[in-house]
Amino acid sequence: MTQTVTAVPVAPKAKAVRAKNPDGSALYPEYLPFYDPLEKVEDIGEFQHFDPGHRADPTLSNLLSTATKVVDLSPHVGTEVFGVQLSQLSPAGLDELAVYAAQRGALVFRDQDFGDIGFEKQKEIVRHFGPLHIHGWAPHPAGGSPEHMIIYDHADDLRVRKSWKGRSPVQWHSDQTPEPQPPGTTFICMLESPEAAGGDTLVSSSVQAYKSLSPRFRKRLEGLTAIHSNNDGVSQELKNNGEAAVMRRQELVQEHPVVIVHPVTKEKALYVNPVYTKSIVGFDQEESDYLLKFLFDHIAKRQDFQCRVRYETGTVLVWDQRVVHHSQTLDYPAGERRHAFRLTPLANKPIPAKVEEDDGECQRDVARAQLGLC
Ligand SMILES: [Fe+2]
């Protein structure tokens, strides 16, 4: 006999839904995306970067003075901090935010007023971490502030969703690695999420991605450099939007170390990603493709050093691009609104990891040492 299974409806009161306007309009209309195909901006150029994390009190006493709870989202990456209002942090608190983001990769703060304090105050806070990046083609608010990169997906503007047509929207990367001095401590402020679930950010520790390789393999990577380019993104923008395409800046191509060192924590991290990294310098094409494919798979598949960040209106994610990779999900129904802005401070020129015969890393890795893998 065939049994029929019917879905059990969840009582409407029990089902959590995220904030929406009853008439379907955007919660934050002043942040709606604006595209100007004629807009041009100058590159920031070379600058001295002093990471605010260098000044931080390692006890994090300023950052966490009001914290009620701190929850690690996974052992290697991601921490949710309760009871801290980012807009109220002192300069010393922001210094500690930098070092804590570098240590944990990604920090989640909920119920923030950050989206309500205005463009100028937002930028003043985030400039603490470095000069603000302006994206080559992503939109900014109609009311100005090109530094505010708007993330927007809704039935009234499917530009981003269409750009993923026919390919997976899950693309691990660190933002803007083709910059000569790529981003460091970065902010995303969620303004409006899809109603039920979805639109999470996936985060992977690039420090643990490096550490989890065998000592001998790590040695092979140190000293290598790779070419990063945003030419795929430029081509997509031109292909998808034709005369309406936004091309504010020149195409970017840059050579960076495959393994970098964080300027403050001194942790080594894998610094290649499938969105921007094109080839290993000095390798033949087949060798480069082979190695990069392994490294990209390693970053994407190793869920033992990943976490996932769910957002509500008012959630702010602060992450350090030098120690994690991330990806969008785009898993919610097409037409629903997801709306956020990103402020992206540029940081140091990537620092190459030093090549040493025995850096002691393996002995410090208790699991490896216990298993006799050093
Ligand atoms: Fe990104």
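The model is predicted: local features require pLDDT of at least 70 and side-chain atom pairs count only at pLDDT 80 or more, whereas totals for chains, interfaces and linings use all residues. Residues are numbered from 1 along each chain as its sequence is written.

**Exercise 1.** Determine how many residues of α1 are buried, and which strands they pack against.

*Solution.* Step 1: locate the helix. Helices (H or I, at least four residues) and strands (E, at least two) are DSSP runs, numbered from the N terminus. Helix α1 covers residues 91–104.

Step 1: apply the criterion. A residue is buried if 20 or more other C-beta atoms, placed from the backbone, lie within 10 Å of its own. In α1, 11 of the 14 residues are buried, including Leu 94, Leu 97 and Tyr 100.

Step 2: find the partners, where contact requires C-beta atoms, placed from the backbone, within 7 Å. The buried residues pack against β3 (79–82), β4 (106–109), β7 (185–192) and β15 (316–320).

**Exercise 2.** Identify the strands at the edges of the open sheet, and the strand to which β6 is joined.

*Solution.* Step 1: write the strand order. Seven strands form the open sheet β2-β3-β4-β15-β7-β17-β6, with mixed pairing; two strands pair if DSSP finds at least two bridges between them.

Step 1: inspect the ends. β2 (69–72) and β6 (149–153) each have a single partner strand, so one side of each lacks a neighbour in the sheet.

Step 2: follow β6. Five bridges join β6 to the antiparallel strand β17 (residues 338–343), and Ile 150 has Phe 341 in β17 as its bridge partner.

Conventions:
The expected span of a helix is 1.5 Å times one less than its number of residues. A residue is buried if 20 or more other C-beta atoms lie within 10 Å of its own, exposed if 12 or fewer, and partly exposed in between; C-beta atoms are placed from the backbone. Two residues are in contact if their C-beta atoms, placed from the backbone, lie within 7 Å.
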